[in-house]
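Dear colleague,

I am handing over the structure below, together with an account of what was found in it. Please read the notes with the model open beside them.

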Amino acid sequence: MTKIIAAITTSVDGYITGPDDGPDKGLGEGGERLHYWVMGGPWSYENEPQGGPEGVDAEYLNEMTARGGAIVVGRNMYEASGHWGDKNPFGMPVFVVTHRPEEEPETGEFTFVGDFEEAIDRAKEAAGDKDVSIGGGADVIRQGLDAGIVDELHIIVAPVILGGGKHLFEDFSRSLDLENRGVRQSRWATFIEFGVKR
């Protein structure tokens with residue numbers, strides 16, 4: 001049965017970006033440190049990563065990729081990533097939630113959907129018996145949690161305090177009970193996996 005998994009990286013103080021994030025600095029000022037685990041170590045916008053994930057980091061990514069059948073992301077994440085160079089980097093269908101789907105050309109790389117619920121429905125259909133990942137940003141993850149559709153919440157904590165930026169649970173006032181499913185740790189991140197109780 002298809003599960004919906006929300007997964008995102010935060011700083012120790014709960015930010016998913018540093019200050020002043022945008023199209024040329026998707027993770028904001030100093031936010032590159034959030035994704036050292038994805039890039040295989042230190043990198044910056046000026047100095048592209050030279051390697052890739054290893055050890056526990058690669059294990060987690062490979063596991064999630066094997067489980068995944070489709071991904072839902074928000075427009076801000078899509079814009080902040082520079083549209084991933086207009087190439088889908090995930091190897092599975094990506095549905096981008098946007099209030100302006102008509103503004104985006106259909107290239108076959110991404111599907112633009114005007115409604116979160118519709119994006120989830122389409123992602124489930126595309127995923128078949130695999131899982132659907134809500135990959136960020138924070139707004140679409142909060143929408144999924146608020147709608148009560150998330151089965152697992154994965155918080156990946158990078159060992160950094162950013163002191164500002166976009167906060168994962170900004171303006172989220174709902175109470176949720178979570179069940180510890182597992183913790184793993186690498187040099188660059190602590191992976192905390194929760195089941196979301198209903």
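**The sheet and its helices**

Eight strands make up an open sheet with mixed pairing, in the order β4-β3-β2-β5-β1-β6-β8-β7, where two strands are taken to pair if DSSP finds at least two bridges between them. The edge strands, each of which pairs on one side only, are β4 (111-113) and β7 (178-185), and neighbouring strands of this sheet are turned against each other by 25° on average, direction ignored. For these angles, axes are lines fitted to C-alpha atoms, for helices over the stretch in contact, and the values run from 0 to 180 degrees between N-to-C directions.

This is a predicted model in which residues are numbered from 1 along each chain as its sequence is written, and local features need pLDDT of at least 70, while side-chain atom pairs count only at pLDDT 80 or more, and totals for chains, interfaces and linings use all residues. Side-chain values use heavy atoms, with hydrogens and water left out.

**The protein as a whole**

The protein has five helices and eight strands, which run β-α-α-β-α-β-β-α-β-α-β-β-β from the N terminus on; helices (H or I, at least four residues) and strands (E, at least two) are DSSP runs, numbered from the N terminus. The radius of gyration is 16 Å, which agrees with the value near 16 Å that a compact globule of 198 residues would have; this radius is taken over C-alpha atoms, and the globule rule is 2.2 Å times the number of residues to the power 0.38. Along the principal axes, the C-alpha atoms fill a box of roughly 40 × 35 × 35 Å.

Of the contacts in the protein with a separation of 6 or more, 64% are between residues 24 or more positions apart. Buried residues make up 45% of the 198 residues, where buried means under 20% relative accessible area, exposed over 50%, and partly exposed in between (1.4 Å probe, protein chains only).

**Aromatic pairs and a buried valine**

A search of the whole structure finds eight aromatic pairs; rings of Phe, Tyr and Trp (its six-membered ring) pair if their centres lie within 6.5 Å, and planes under 30 degrees apart count as stacked, over 60 as edge-to-face and the rest as tilted. One of them is the edge-to-face pair of Y36 and W188, at 5.3 Å centre to centre with 85° between the planes. This pair links distant parts of the chain, since Y36 is in helix α1 (residues 36-39) and W188 in the loop between β7 and β8, 152 residues apart. Y36 counts as buried because its relative accessibility is 17%, and W188 counts as buried at 16%. The rings of W43 and Y45 have centres 5.5 Å apart and planes at 75°, so this pair is edge-to-face too. W37, Y60 and F191 form one aromatic cluster.

V132 is found in strand β5 and, with a relative accessibility of 1%, counts as buried. Leaving aside neighbours within four places in sequence, V132 is in contact with T2, K3, I4, I5, A70, V72, A123, K124 and A127.

**Backbone points to check**

Most residues other than glycine have a negative phi, and most peptide bonds are trans. A cis peptide bond, with omega about 0°, joins G136 and G137, and G137 lies in the loop between β5 and α5. D20, which is not a glycine, has a positive phi near 60°; D20 lies in the loop between β1 and α1 and counts as exposed because its relative accessibility is 63%. D171, not a glycine either, has a positive phi of about 60°; D171 lies in the loop between β6 and β7 and, at 77% relative accessibility, counts as exposed.

Definitions and conventions. Contact means heavy atoms within 4.5 Å.
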